[in-house]
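Thank you all for coming; please have the structure open while I talk. I will take the sheet, then the ligand, then the pockets.

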Amino acid sequence: MSTALKVEGLAASYGKIQVFWNISFHVDEGEFVTIIGANGAGKTTVLKTISGLIPLRGGSVQAFGKSLKGFSAAKIVRAGLGHVPEGRQLFGLMTVLENIESGADYLPEARKEAAKTKDFVYKLFPRLAEREPQLAGTLSGGELQMLAIGRALMSKPRLLLVDEPSLGLAPALTKTVFGALQQINKEGVTVVLVEQNVQQSLKLADRAFVLENGEIIKEASGAKLLHDPDVQAAYLSI
Ligand code: ATP
């Protein structure tokens with residue numbers, strides 16, 4: 001199996017505040033991987049460092065066998081990495097359709113396929129098709145999350161980084177969003193999910209990592225971590 005993502009000795013900081021020094025892991029092509037950990041453990045920062053939204057302070061990132069060293073965030077998208085950020089970060093004064101279409105901006109290959117990809121997004125989330133002319137700022141939390149995922153899919157990613165999609169969502173909508181991520185993965189997109197909904201995300205994951213205080217302290221299959229007494233005590237209130 002080939003490697004979709006290889007992270008070695010990753011270091012990141014905000015000014016003088018070092019978040020982590022030495023994070024290493026890999027994700028195989030086609031895998032669904034979840035990173036769990038407490039608030040402030042550094043999960044969002046790992047994703048942002050991989051997708052070039054904050055600078056790499058040390059270590060290296062390879063995607064599909066190619067080093068991302070020196071790549072801008074835009075070039076990282078062109079290398080096949082999509083990012084669904086925490087808080088969704090959509091354009092509230094643009095319509096659902098405009099937000100979706102913006103996901104393929106500046107990507108000639110993705111634009112050629114835009115109509116087909118949009119059909120896939122609407123099949124995944126029929127609610128977005130119904131809301132197409134509506135301003136994004138008027139959508140519900142669940143619809144916004146669907147839109148954020150849909151926009152990322154428009155860049156035709158081979159690897160999707162998804163940050164806390166269940167944040168603020170009712171259980172039924174969380175189920176819809178997680179089901180969609182599973183479907184996207186079945187279509188061949190590798191998924192790296194960061195989540196605080198530990199129970200549901202471990203159920204989905206082929207493999208999962210536990211991040212604590214800037215270090216990966218455990219790695220196992222999702223099913224195994226779901227039954228790990230330390231994980232249960234720390235994250236599952238069992
Ligand atoms: P959460 O689940 O609460 O989002 P997380 O595991 O994703 O947490 P990060 O958001 O990556 O954690 O934050 C890791 C550390 O970096 C925290 O101590 C946080 O306070 C700090 N941090 C995050 N963003 C910034 C920033 N823009 N400036 C300064 N420090 C930051």
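What follows is a short walk through this predicted model.

Because the model is predicted, local features are taken where pLDDT is at least 70 and side-chain atom pairs where it is 80 or more, while totals for chains, interfaces and linings use all residues. Residues are numbered from 1 along each chain as its sequence is written, and side-chain values use heavy atoms, with hydrogens and water left out.

Let me begin with the sheet. Four strands make an open, antiparallel sheet in the order β2-β1-β4-β5. At its edges stand β2 and β5 (66-67), each with a single partner strand, so one side of each has no neighbour in the sheet.

Strand β1, residues 3-14, runs antiparallel to β2, residues 17-28, and eight bridges join them. Within that pairing Ala-12 has Phe-20 as its bridge partner, and Tyr-14 stands opposite Ile-17. The hairpin of β1 and β2 has two residues between the strands, and there Gly-15 takes a positive phi near 60 degrees. β1 also pairs with β4, residues 58-63, in the antiparallel sense over five bridges, with Glu-8 opposite Ser-60.

Now to the ligand. Which residues come closest to the ligand? The shell holds 13 residues, and the closest are Gly-40, Gly-42, Thr-44, Thr-45 and Gln-196, where a residue is counted if one of its heavy atoms lies within 4 Å. Helix α1 provides the largest share of this shell, three residues. By class the shell has four nonpolar, six polar and three charged residues, with Ala, Val, Leu, Ile, Met, Phe, Trp, Tyr, Cys and Pro counted as nonpolar, Asp, Glu, Lys and Arg as charged, and the others, Gly among them, as polar.

Finally, the pockets. On a 1 Å grid over the protein atoms alone, a pocket is an open set of points where a 1.4 Å probe fits, with protein on both sides within 12 Å along at least five of seven lines, and lining residues have an atom within 4 Å of a point. Points are joined across faces, edges and corners, and the volume is the space filled by probe spheres set on them.

The largest pocket has about 690 Å³ of space. Of its 26 lining residues, Val-77, His-83, Ser-102, Gly-103 and Arg-151 lie nearest the centre. The elements α1 (43-50), α2 (73-78), β6 (81-84) and α7 (141-153) each supply at least two lining residues, and the largest share, five residues, comes from α2. Twelve of the lining residues are nonpolar, eight polar and six charged.

The second largest pocket has a volume of about 290 Å³. Helix α5, residues 114-124, gives the most to its lining, with four residues; the lining includes Lys-116, Phe-120 and Glu-187.

Note on methods:
Two strands pair if DSSP finds at least two bridges between them.
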